[in-house]
Amino acid sequence: MHSRPYRSALYIPGSKDRALEKARGLPVDVILFDLEDAVSPDAKVAARDTLYAALADGGYGPRLKIVRINGLDTEWGAADAAAVAAMDCDAILLPKVNGPTDVDALAALVPDLPIWAMMETPEGVLNAASIAKHPRIAGFVLGTNDLAKDLNSRTRAALTMALQHCLLAAKAAGIVALDGVYNAFKDEDGLRAECAEGRDMGFDGKTLIHPAQVAIANAAFGPTEEEIDLARRQIEAFEVAEAEGQGVAVVDGRIVENLHIVTARATLAKAEAIAALETA
Ligand SMILES: CC(C)(COP(=O)(O)OP(=O)(O)OC[C@H]1O[C@@H](n2cnc3c(N)ncnc32)[C@H](O)[C@@H]1OP(=O)(O)O)[C@@H](O)C(=O)NCCC(=O)NCCSC(=O)C[C@H](O)C(=O)O
Ligand SMILES: [Mg+2]
């Protein structure tokens, strides 16, 4: 179980001062400062300095600060990595990871920061287990746009197997897994439905492209009052059952065993972590 929430992870173009400023006041759990696709080629070099200065100025509070660089096979990747190594951030995100050797290459350039991997190529998805187990990897971010492009697929349903494969790899390795973006940023109902689907699959949160998407993701991936109440009642009932020498309790007509208590405790821990983040 992770000790901080990852409900909402907002991409911020590293080149845009206004968005970098706006992010300081947004209730997101994770900020993905982007040097890759959100930044046009002619702005990429200057974006490094813009982002360095924004992070040095601070004001992003307890949010997890991750910087996405350009691929190491591009003209910007290696210099991005060197620049990020000097930035005040928590992790570095590598796009289009195809296998653990891609992670090795970045690890050699950035010795100290945790590395997150964009899972967005067919080869990367096939190698998900070995990427997730790389000792420097701390999280997966699904890149559903690039994946759909490479697969020539037209629906999210067509990506289900890839999403689940990456999730299995992430959970087996004990790392974080964030779902891909929902492109139609003005369609709140569509986002709500996709967040619910990603949460039910097991993702820890959703990557986002616009501030208007934050509240929907936070609500979808945070425990509800009903879930918190149920978790408390399950723990209470199980403790009573245990005191009576029983291994099973019944709450709301359903059995509660030790494994459900693990989930119930995780729900309460997540609620506490969210409260701590929101009051920090
Ligand atoms: C999508 C956008 C281009 C829309 O921008 P805009 O038209 O400016 O939106 P608004 O006028 O509604 O903006 C309102 C205010 O919010 C600020 N804003 C907008 N977006 C962001 C943001 N992402 N972070 C912080 N602040 C933001 C505006 O500055 C306005 O502020 P104010 O002036 O105070 O009113 C734009 O949202 C955008 O560029 N989004 C990010 C796009 C992006 O990051 N793309 C790359 C990541 S997605 C990806 O690569 C996925 C993956 O790799 C894959 O393969 O799937
Ligand atoms: Mg991508």
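Which residues does D146 touch, not counting residues up to four places away in sequence? Select D146 and look around: with those sequence neighbours left out, you'll find K96, E120 and T121. Keep in mind that you're looking at a predicted model.

While you're here, notice that D146 sits in helix α7, residues 144-151. Is D146 buried, exposed or partly exposed? It has 18 C-beta neighbours inside 10 Å, so D146 counts as partly exposed.

Next, select E120. You'll land in the loop between β5 (115-119) and α5 (122-126). E120 has 25 C-beta neighbours inside 10 Å, and because 20 or more makes a residue buried, E120 counts as buried. Leaving out residues up to four places away in sequence, E120 touches P95, K96, L142, G143, D146 and L147.

Last stop: colour helix α11 (residues 225-243) and helix α12 (residues 258-279). They pack at an angle of about 135 degrees, with axes 9 Å apart. That's why α11 and α12 are described as oblique to each other. Their crossing is left-handed. To see the contact, select E227, I228, A231, Q234, I235 and F238 on α11, then H260, I261, A264, R265, T267, L268 and A271 on α12.

Technical notes. Residues numbered from 1 in each chain as written. Chains lettered and ligands numbered in written order. Predicted model: local features only at pLDDT ≥ 70, side-chain atom pairs only at ≥ 80, totals over all residues. Axes fitted to C-alpha atoms, helices over the stretch in contact; angles between N-to-C directions. Helix = DSSP H or I, 4+ residues; strand = E, 2+ residues; numbered from the N terminus. Parallel < 35°, antiparallel > 145°, perpendicular 65-115°, else oblique. Left-handed = near helix turned anticlockwise from the far one by under 90°. Contact = placed C-beta atoms within 7 Å. Buried ≥ 20, exposed ≤ 12 C-beta atoms within 10 Å, placed from the backbone.
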